[in-house]
Amino acid sequence: MSTDAPETVITTAGALEGRELEWAINTPELTAEHAAINSNIIRTRFPPEPNGYLHFGHAQSMNMNFALSFEKLGVPMENRRTIFRFDDTNPDAESPEYIDSMKRDLEWMGWQPEKTTYSSDNFQTLYDLAVKLIKKGLAYVCDMTKAEMEAQRELAKKRCAARAVGADPDVEAPIPSADILPGRNRDTSVERNLKLFEEMKLGLHDEGTLTLRLKMDFDSPNPNMYDLVAYRIRYTPHPHAGHGWCIYPNYDFTHGICDSLEHIDYSICTLEFETRREPYFWILWALDMYRPKVYEMSRLNVEYTVLSKRRLLKLVNAKYVRGWSDPRMPTISGLRRRGYNKEIINNFCNEVGATRSAKVVQMAKLFHVARLTLADTTRRAMAALEPIKVVITNFDEEAAKAGENGMTFEVQNSPTDASLGSHNVTLTGTIYIDSEDFKMEDDPNFYRLTPNKPVGVKYHGGNLICDEIVKDGDKIKMLKCHLDSSEGRPKPKSYITWVPSDGIKCEVRIYDHLFTQPEPSDRWEEELNPESEVIHSNAIVDPSVLELVDKKDVDEWKSNQALQFERLGYFVVDTDTTFDSATREGKLVFNRTVSLKEDKTVKKVSSHEEEQNRKRVEQQRAIAAARDIMMTIDPEDLFKLAPEYKDKYSKFDDTGLPTHLADGTELTKSAKKKLEKERAKHAKKFAKGKK
C-alpha cells in the first residue's frame with residue numbers, strides 16, 4: 001500500500017535545520033535551477049491564513065521571517081527577502097475584513113515584504129499539478145464518506161501500532177474489506193479519475209460527495225501520510241479569487257507548492273507542523289519541484305490569554321470583548337489600541353526569541369519591555385481617575401506672593417530628554433486630586449493627604465493642609481484646604497499631583513489580565529476575569545494635553561497619542577474618542593497601557609476569583625475522593641461497585657465482567673473487550689495501592 005518513495009534516513013543539526021527526509025533532497029538540476037534564480041538572495045515567507053486578525057504568534061512569526069532567521073543564518077541585509085503570502089485556501093473561514101486588517105497590521109509593524117501574494121492566485125497551477133499527479137497514478141478521486149475515512153485512518157493507525165511492537169497487523173487489526181483499506185477508489189483508472197476531477201471542477205457533484213486524494217502510504221507511522229485530501233468541493237465564493245472555483249486545495253497540498261513556485265529557501269512554521277514534513281516533501285518529490293528547507297519553532301504562548309483562532313473568534317462573537325481590537329485581546333490591533341507600539345512588540349519578540357523549546361512567556365515580560373520603551377519617549381501629564389474637588393481657601397493670598405509667573409509652572413515633557421520640550425500647568429483656586437491620594441483617617445504608612453497630615457503640592461512646592469471635609473451622605477463632596485508656603489513649614493513625606501479647575505473630563509479604562517488563570521484550561525470561558533476592564537467615567541486630565549487629543553488625530557490603524565499620567569501609568573488615546581479640542585465637546589477616552597512600576601503587592605482576590613478558586617478546590621477534592629474510593633474496590637467488583645458504573649449493567653459473568661446492559665441488551669464482543677482493558681488498568685492501580 002506504499003508508493004515507491006524513500007523513507008526518513010537523515011538527521012541534521014544547525015541553523016534553521018531539523019529532521020530531514022530523502023524526499024527533501026533536491027536533484028542537482030533542481031538545485032542549480034534554484035541557485036540561478038535566487039543567486040545570493042535568501043528568501044523566506046510569512047503566510048498567514050486570513051481567517052482572523054493577526055496576534056502575538058503572528059508577531060513572532062513576522063519577527064522570525066523578516067529578521068531573526070536571517071540573523072541566525074548570517075545573511076547580509078541586502079540579500080534578505082521575505083514574501084507576504086495570504087494562505088487563502090478556505091473560503092468558508094476567510095473574509096476581505098481579515099485580509100485588509102492583515103495588510104494594515106504588517107505595514108504598521110514596519111515590515112517591508114518583497115511582494116504580497118495569494119495562494120489563490122495559483123489555483124490554476126495547483127489544479128494543473130493535481131492533474132499531473134493523477135496522470136502519474138499518484139492521485140485519485142474518492143467517494144468515501146467522512147466516517148469511512150475516519151475508520152480507514154483508525155485501522156491504518158492500529159496496524160501500524162501492531163507492526164511497531166512486532167505483532168502481526170492482520171491478527172491485531174485485520175482488514176474487514178478492501179473498500180475500507182486501502183479503499184475502493186485507490187486503484188481506479190487514470191481515465192476515471194481525470195474525468196471525475198474535471199466534473200468536480202465543473203460543479204457537477206454535491207459538496208461532500210467527492211474529494212481528490214493523494215496516493216501516499218498507509219503503512220507509514222505518520223498518519224499524515226494516509227492519502228491526505230488534496231481537493232474538496234465547496235460552493236462558496238472566494239474573497240480574493242471570486243466565483244471562478246468550486247473546488248479548493250487544502251493547506252498541505254498548497255503551501256509546499258507555493259513555497260517552491262515562489263523560490264522560498266526557508267519555510268518556517270511552528271512545531272505542530274513537524275509531522276507535516278512527510279506530506280510537504282512527498283508532494284514536491286512527486287511533482288519533481290524544488291524543496292525548500294523546513295524549520296519548525298515553538299509556538300508562542302503568553303500568560304493570561306489565548307491564541308487559538310477558534311477561541312478568539314468565540315470571544316468576539318459572544319461579546320466577551322469589544323471586538324478584535326479590544327485592548328484585552330492578544331491581536332496586533334488590540335495591542336496597538338492598548339498602547340503597545342511596534343517597537344514594544346518587536347522588542348518583546350526579540351526578547352522571547354525563537355527556539356524549539358515549548359514555553360509560556362510571562363505577561364510581565366511584555367510589561368517590562370513596554371515600560372523601558374515608553375519611559376523616555378512619552379510626554380507627561382497629570383490626571384485624577386476618581387477626582388475629589390479641593391477648594392484652596394487662601395488661594396488669593398498665596399497667588400499674590402507667588403511672584404512674576406504666579407501660579408503657572410513650566411514642566412518638562414520628559415524628565416530624561418529635554419528635546420521633547422515642556423508645557424505649562426497652572427494651579428487654580430479649585431483643583432482636583434485623585435481619591436487614592438486622600439484618607440479620612442491618618443495612617444503611619446500613608447504618606448499623602450489626611451486631615452492631620454500635610455502633603456506637598458507637585459510643582460508648586462508648598463504644603464496642602466486639609467481643614468474641612470464636606471460630605472454628601474457617606475460620599476466626600478469636597479475638601480477645604482489651605483496652602484502653606486512659609487519658610488519654616490514641615491517637610492512633607494510626599495508630593496501629590498493635581499488637575500486645575502479647567503481640566504478636561506475624560507473616561508479612563510484600566511485593563512487587567514483577560515483571564516484569572518495564567519494558562520486558561522478547556523473551561524476557559526469560566527476563567528474570564530470579570531475585572532479585566534475597569535472604567536473610570538468621571539476622570540479628569542490637565543488641559544496641557546488639549547491639542548494632543550483631538551478626534552482628527554485618532555486612527556485605529558496607527559499608534560495614537562501616548563501619555564504618562566504621573567504616578568498612574570502609561571496611557572493612550574482610545575479610538576472611541578470623539579473629542580473636539582476646539583469646542584471641548586465630545587468624549588475623550590484613554591486606555592492604560594501599563595502601570596509605571598511592576599505591582600509587587602498581593603493582589604486582592606475578587607469575589608468571582610474567590611468563587612472560581614473554591615470550585616476548583618472542591619473539584620480537586622472530589623477527584624481525590626473518587627480516586628480513594630476506587631482504590632478500595634476489588635477488580636472483580638469494579639463494574640458492580642464503582643460510582644461511574646453504578647446501575648449501568650444487569651448481568652455479569654463469573655469474573656465480574658458485565659454481559660448485559662441495565663435494559664437487558666447483551667454487550668458486543670468489542671464492548672466486553674474495552675471493559676476488560678479498563679479492568680486491567682484498574683487492577684494494576686489496585687495492586688500498586690496495596691503495596
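**Ring cluster**

I began with the aromatic rings and noted that ring pairs link F123, Y127, F197, Y231, W245, Y248 and F253 into a cluster. Two rings of Phe, Tyr or Trp (its six-membered ring) count as a pair if their centres lie within 6.5 Å; planes under 30 degrees apart make the pair stacked, over 60 edge-to-face, and the rest tilted. The model is predicted, so I noted its limits: local features need pLDDT of at least 70, side-chain atom pairs count only at pLDDT 80 or more, and totals for chains, interfaces and linings use all residues. Residues are numbered from 1 along each chain as its sequence is written, and side-chain values use heavy atoms, with hydrogens and water left out.

One ring of the cluster, Y127, also has a charge on its face: K201 lies over it, 4.4 Å from the ring centre. For this I need NZ of Lys or CZ of Arg within 6 Å of the ring centre and within 35 degrees of the ring normal. I found R336 placed over the face of W108 as well, at 4.7 Å from the ring centre.

**Two ring pairs**

How many aromatic pairs does the structure hold? I wrote down 24. Y251 and F273 form a tilted pair, with 5.5 Å from centre to centre and 40° between the planes. What does this pair tie together? Y251 belongs to helix α9 (residues 251–261), while F273 is in the loop between β10 (266–270) and α10, so the pair ties together parts that are 22 residues apart in sequence. Helices (H or I, at least four residues) and strands (E, at least two) are DSSP runs, numbered from the N terminus.

I then checked exposure, where buried means under 20% relative accessible area, exposed over 50%, and partly exposed in between (1.4 Å probe, protein chains only). Y251 has 23% relative accessibility and counts as partly exposed. F273, at 22%, counts as partly exposed too. Next I took Y280 and F281: their ring centres are 5.0 Å apart and their planes stand at 85°, so this pair is edge-to-face. Are Y280 and F281 buried or exposed? I have both down as buried.

**Cavity**

On a 1 Å grid over the protein atoms alone, a cavity is a set of points where a 1.4 Å probe fits but cannot get out; a pocket is an open set with protein on both sides within 12 Å along at least five of seven lines, and lining residues have an atom within 4 Å of a point. The largest cavity holds about 50 Å³, a volume being the space filled by probe spheres set on the points, which are joined across faces, edges and corners.

Which residues line the largest cavity? My list is H255, C269, F273, R276, R277, Y280, V294 and E296. I sorted the lining into 4 nonpolar, 1 polar and 3 charged residues. Here Ala, Val, Leu, Ile, Met, Phe, Trp, Tyr, Cys and Pro are nonpolar, Asp, Glu, Lys and Arg charged, and the others, Gly among them, polar.

**Second largest pocket**

I noted about 790 Å³ for the second largest pocket. It has 30 lining residues, and P47, E49, Y251, F273 and K309 lie nearest its centre. The elements giving two or more residues to this lining are β3 (42–46), α2 (56–73) and β10. With 4 residues, α2 gives the most.

**Cysteines**

How many disulfides are there? I counted 0, taking a disulfide as a pair of cysteine sulfur atoms within 2.5 Å. The closest cysteine sulfur to that of C142 is in C246, 18 Å away, too far for a bond. C269 is in no disulfide either, as the nearest cysteine sulfur, in C258, is 15 Å off. I have C269 as buried, with a relative accessible area of 13%.

**Backbone**

Most residues other than glycine have a negative phi, and most peptide bonds are trans. I looked up exceptions. The peptide bond from L181 to P182 is cis, with omega near 10°, and P182 has its place in helix α7 (residues 179–183). D288 has a positive phi, near 55°, and lies in the loop between α10 and β11. R584 also has a positive phi, near 60°; its loop runs between β28 (569–573) and β29 (589–594).
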